[in-house]
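Okay, thanks everyone, let me get the model up on the screen.

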Amino acid sequence: MIDRFIIEFDRALRTVFAPARSVRPTPGTDQPHAELSEAEKTHVAGLMRVNHVGEICAQALYQGQALTSRDPAVTATLRRAADEETEHLAWTELRIKELGGRKSLLNPLWYAGALSIGVVAGKFGDRWNLGFLAETERQVEAHLSGHMARVPHQDSRSLAILEQMRRDEVGHAETAVVLGAADLPLPVRAAMKLASGVMTRMAYWV
C-alpha cells in the first residue's frame, strides 16, 4: 500500500513539475515557424496553455480512475491513455516555450481537483468509469476543434499538434465505448461542460 502511494505521488509530482517527454516526434516540427505578430503569439500561447492544463487534468483524472477501477483491462486502458496524454503535455509545453509563453500558475490546483473527480468517477464502477472517460474525450475533441479554428491559419506547427491530439482523443473515446462505457446522464455531461468552460477561461490568462 505504501509502495503504491509513493509511486502515485511520484507520478503526480512529475506530471505537475517535471518536463514531460514524448516517445513520438512532436507534430509539426518539420513545419517552418510562422510569421506571427506579438498579439498572435500571445493568443496562441494562451490557447496552448489551456490545452496543457487540459492534459494536466487528464493525467489526474486517469490516475484517479485507475486507482479505483476494479477491472484490470480498464486499468490498463486508462494507463495507456495517460501515456499518450503525457506526450500531449510534452508537445503543448514545447509549443508554449517556442511562443514565449508560460504554463499555468494553477497547475497543482487543477491536478488536485481533477484527481478527486477521477477517484469519485471510479467509485461508481467500471461502466460509469469508462463512460466518464468517453465523455471527457468527446468534450476535449470538440474543444480542440474549436481551438484549431482560432489558431492563425499560417501557424502550421500549432495546428499539427492540435490535430494529432484530437485524433488521439477520438481513439480514447472509441476504446472506452468498445470496452462497455455507459452513457452518462445529461445533467452530468452538462456539469462536466460547465466545469471545463470555467477551467478554459481561467487557464487562458493564469
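**Helix packing and cores**

So, start with V74, L78 and E85 in α3, which meet D126, N129, L130, L133 and E137 in α5; contact here means heavy atoms within 4.5 Å. Before I go on: this is a predicted model, where local features need pLDDT of at least 70, side-chain atom pairs count only at pLDDT 80 or more, and totals for chains, interfaces and linings use all residues. Residues are numbered from 1 along each chain as its sequence is written, and side-chain values use heavy atoms, with hydrogens and water left out. The helices are DSSP runs of H or I, at least four residues, numbered from the N terminus.

Back to that pair. The contact of α3 with α5 has 4 nonpolar, 1 polar and 3 charged residues. On the classes, Ala, Val, Leu, Ile, Met, Phe, Trp, Tyr, Cys and Pro are nonpolar, Asp, Glu, Lys and Arg are charged, and the others, Gly among them, are polar. The axes of α3 and α5 sit 11 Å apart, at an angle of about 20°, and that makes α3 roughly parallel to α5 (under 35 degrees; over 145 is roughly antiparallel, 65 to 115 roughly perpendicular, the rest oblique). Axes are lines fitted to C-alpha atoms over the stretch in contact, with angles from 0 to 180 degrees between N-to-C directions.

Now the other partner: how do the axes of α2 and α5 cross? Helix α2 (residues 38-68) and helix α5 (residues 126-150) cross at roughly 175°, with axes that come within 12 Å. That makes α2 roughly antiparallel to α5. Among the residues making this contact are L47, V50 and Y62 of α2, and F132, L133 and H147 of α5. Split by class, the α2 to α5 contact has 7 nonpolar, 7 polar and 2 charged residues.

On to the cores, meaning sets of buried Ala, Val, Leu, Ile, Met, Phe, Trp, Tyr and Cys residues joined through side-chain atoms within 4.5 Å. The largest one has 34 residues, and M48, V53, Y111 and F132 have the most contacts inside it. Helix α2 gives the most to this core, with 10 residues. A second, separate core of 12 residues includes A58, A82, L133 and A181.

Last one: D168, in helix α6. Buried or exposed? D168 is buried, at a relative accessible area of 8% (buried is under 20%, exposed over 50%, partly exposed in between, with a 1.4 Å probe and protein chains only). Leaving aside neighbours within four places in sequence, D168 contacts R24, E84, H88 and W91.

Key. Helices (H or I, at least four residues) and strands (E, at least two) are DSSP runs, numbered from the N terminus.
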